[in-house]
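My notes follow in the order I looked things up.

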Amino acid sequence: MGLCSRGSQRERDRERAQARAGGKGKTKDDGLTPEQRRERDAKALQEKAAKKAAQAAGAATSGGGGKGNNNKK
């Protein structure tokens, strides 16, 4: 009985793995050329850095009323 049920278990596991893989991950086919993708990513990084700098500037001017965890290493 063990051998027959193992085969169907493998098939079910393959189907489940394929279903999980199909829903996850990024697709590389977004219709952009590599140059366009680089420009898009650079813009996103600049926006992220500007947002982080704004938060840091806001935290520095607020008098440090937080919990004091800013010096973690």
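Entry one. I began with Asp41, which is partly exposed at a relative accessible area of 35%. A reminder to myself: this is a predicted model.

Entry two. Which residue does the side chain of Asp41 meet in a salt bridge? I found Arg40, with 3.3 Å from N to O. Arg40 has a relative accessibility of 40%, so I put Arg40 down as partly exposed too.

Entry three. I stayed with Arg40 and asked what else touches this side of the pair. Asp30 does: leaving out residues up to four places away in sequence, Asp30 touches Arg37 and Arg40. Asp30 sits in the loop between H1 and H2. Its relative accessibility of 33% means that Asp30 counts as partly exposed.

How many salt bridges does a search of the whole structure find? I got two. Having one of them on the page, I turned to Arg14 and Glu11, whose side chains meet at 2.9 Å, N to O. Why are they separated by about one helical turn? Arg14 and Glu11 are three residues apart in helix H1, which covers residues 2-23, and that spacing is the reason. I checked exposure on both sides. Arg14 has 51% relative accessibility and the cut-off for exposed is over 50%, so Arg14 counts as exposed. Glu11, at 41%, counts as partly exposed.

Next I looked up Gln36, which lies in helix H2, residues 34-61. Where does its side chain reach a backbone nitrogen? A polar atom of that side chain lies 2.9 Å from the backbone nitrogen of Thr33. Gln36 has 38% relative accessibility and so counts as partly exposed.

Last, I stepped back to the whole chain. I counted two helices and zero strands. What share of the 73 residues counts as buried? The figure is 0%. The chain exposes about 7300 Å², with carbon and sulfur atoms supplying 53% of that area. I was happy to close the page there.

Key
Residues numbered from 1 in each chain as written. Predicted model: local features only at pLDDT ≥ 70, side-chain atom pairs only at ≥ 80, totals over all residues. Heavy atoms only, no water. Helix = DSSP H or I, 4+ residues; strand = E, 2+ residues; numbered from the N terminus. Buried < 20%, exposed > 50% of the residue type's maximum accessible area, 1.4 Å probe, protein only. Areas by Shrake-Rupley, 256 points an atom, 1.4 Å probe, with all protein chains shown as cover. Polar contact = N/O pair within 3.5 Å; in protein donor to acceptor, adjacent residues only side chain to side chain. Salt bridge = Lys/Arg side-chain N within 4 Å of Asp/Glu carboxyl O. Contact = heavy atoms within 4.5 Å.
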